[in-house]
Amino acid sequence: MDFIDLKSQYRRIKPSVDARIARVLEHGAYVMGPEVVELEQALARWCGTEHCVSVASGTDALLISLMALEIGPGDEVITSPFSFFASAEVIALVGATPVFVDIDPRTYNLDPAGLEAAITSRTKAVMPVSLYGQCADFDAINAIAGRHGLAVIEDGAQSFGASYKGRRSCSLSRVGATSFFPSKPLGAYGDAGALFTDDEGLAQRMREIRLHGQDRRYHHPRLGLTGRLDSIQAAVLLAKLEIFDDELSARVRIGARYTELITEAFRDQPGLVSTPHVEPFNTCVYAQYTIEVPGREFFETRMQARGIPTAVHYPLPVHLQPALGHLGLREGCYPHAEAAARRVISLPMHPYLTEEQQVRVVQAVREAVSQPLPSNR
Ligand SMILES: Cc1ncc(COP(=O)(O)O)c(C=O)c1O
């Protein structure tokens with residue numbers, strides 16, 4: 001069994017992917033070709049924003065958003081301590097200081113209840129992460145940020161396609177950033193990402209920064225990067241966008257089915273294995289289907305022995321990463337993030353998972369958890 005099965009998806013869309021890639025090879029505009037423009041228009045429409053700026057990766061999307069907001073040394077940006085490293089990494093890369101607010105242990109997303117206390121005179125922005133495919137509570141976060149004049153950047157790398165109170169992830173704040181890494185809900189065949197905003201001036205700055213800060217050929221009013229999306233990746237994403245709505249419905253259905261099967265399997269021991277909590281105003285696209293189990297290390301090995309791949313996202317919270325050691329943050333600073341990092345584990349998840357495979361996974365979960373944990377003696 002695959003943790004994420006991209007081959008079944010390719011078999012389904014092969015004619016469209018192959019034809020679109022062949023077109024790029026024929027016209028030869030490998031960088032910033034017509035597919036890039038077509039994709040940006042399609043994605044902005046899909047997301048419900050005025051502008052989409054495609055970029056080379058999710059990390060570049062976050063970095064470019066910070067650069068376009070002119071965030072740098074002396075500034076603070078508030079984010080989640082429980083995420084992929086890139087969220088805080090880009091803040092440090094522009095010379096600003098990442099400041100963390102602990103997560104809501106039910107959703108794993110930044111808890112707005114802790115936000116106000118973390119704001120100082122140096123705070124310039126808040127970067128909530130919509131982890132595992134479910135949006136953070138943007139109305140609450142935007143309201144607090146608005147009172148303090150802070151920009152809100154959604155790290156929607158895992159939530160593209162999710163909705164929050166009927167609006168789409170990446171359209172919920174000043175700027176939304178996503179990743180099209182191959183395993184994401186909408187994935188390219190290599191690195192890719194995008195930015196979304198309704199702010200024309202910000203969109204223009206982000207477009208310039210992805211092209212070395214250039215406003216016209218060889219004229220550079222600001223610093224930038226080689227942060228563009230390749231035409232071939234845009235072609236792949238256009239083909240995948242044709243089936244994206246259908247795949248999202250499958251993700252929602254498969255996520256809900258896992259929860260049903262696990263709840264049923266542990267009816268006699270409720271709470272032993274925790275299933276994802278999706279807020280009633282959210283849809284989750286399950287970039288990961290993540291559960292909490294006792295004795296995770298043993299669980300992983302036992303699942304492996306039963307032929308079921310699992311993955312831990314993420315075993316070490318961001319504030320304890322060695323590269324951010326200069327912040328002086330210690331174990332105990334963000335207890336919910338630290339507890340999640342010790343307990344979470346993700347099960348195979350993709351839109352082509354069958355009922356039979358889901359039953360097998362949950363059967364293995366049941367067996368793995370039921371075996372006694374080895375004693376310390
Ligand atoms: C929450 C989060 N932020 C940022 C990124 C960075 O995206 P990319 O790998 O496309 O640079 C990822 C990718 O895994 C992510 O999961």
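A: Let's start with naming: helices (H or I, at least four residues) and strands (E, at least two) are DSSP runs, numbered from the N terminus. With those names, α3 (58-68), α4 (86-93) and β8 (175-179) each give at least two residues to the lining of the largest pocket. Residue numbers run from 1 along each chain as its sequence is written, and this is a predicted model, where local features need pLDDT of at least 70, side-chain atom pairs count only at pLDDT 80 or more, and totals for chains, interfaces and linings use all residues. Side-chain values use heavy atoms, with hydrogens and water left out.

Q: What makes a space a pocket and not a cavity?
A: On a 1 Å grid over the protein atoms alone, a cavity is a set of points where a 1.4 Å probe fits but cannot get out, while a pocket is an open set with protein on both sides within 12 Å along at least five of seven lines; lining residues have an atom within 4 Å of a point. Volume is the space filled by probe spheres set on the points, which are joined across faces, edges and corners. The largest pocket holds about 450 Å³. It has 27 lining residues, and Phe 84, Ala 157, Ser 179, Phe 181 and Lys 184 are the closest to its centre.

Q: How is the lining of the largest pocket divided by class?
A: Ala, Val, Leu, Ile, Met, Phe, Trp, Tyr, Cys and Pro count as nonpolar, Asp, Glu, Lys and Arg as charged, and the others, Gly among them, as polar. That gives twelve nonpolar, twelve polar and three charged residues.

Q: How many cavities of 30 Å³ or more are there?
A: Two. The largest has about 100 Å³ of space, and its 14 lining residues include Thr 107, Tyr 108, Tyr 132, Gln 134 and Pro 276, which lie nearest its centre.

Q: Which residues count as closest to the ligand?
A: Being near means having a heavy atom within 4 Å of the molecule. The ligand is surrounded by 15 residues, the closest being Gly 58, Thr 59, Asp 155, Ser 179 and Lys 184.

Q: Why is Ser 80 called buried?
A: Buried means under 20% relative accessible area, exposed over 50%, partly exposed in between (1.4 Å probe, protein chains only). Ser 80 comes in at 1%, so it counts as buried. Ser 80 sits in the loop between β2 (76-79) and α4, and its side chain reaches the backbone nitrogen of Phe 82 at 3.0 Å.

Q: Why does Val 312 get the buried label too?
A: Its relative accessibility is 18%, so Val 312 counts as buried. Val 312 lies in the loop between α10 (296-305) and α11 (335-343).

Methods
A polar contact is a pair of N or O atoms within 3.5 Å; within protein, one must be able to donate a hydrogen and the other to accept it, and residues adjacent in sequence count only if both atoms are side-chain atoms.
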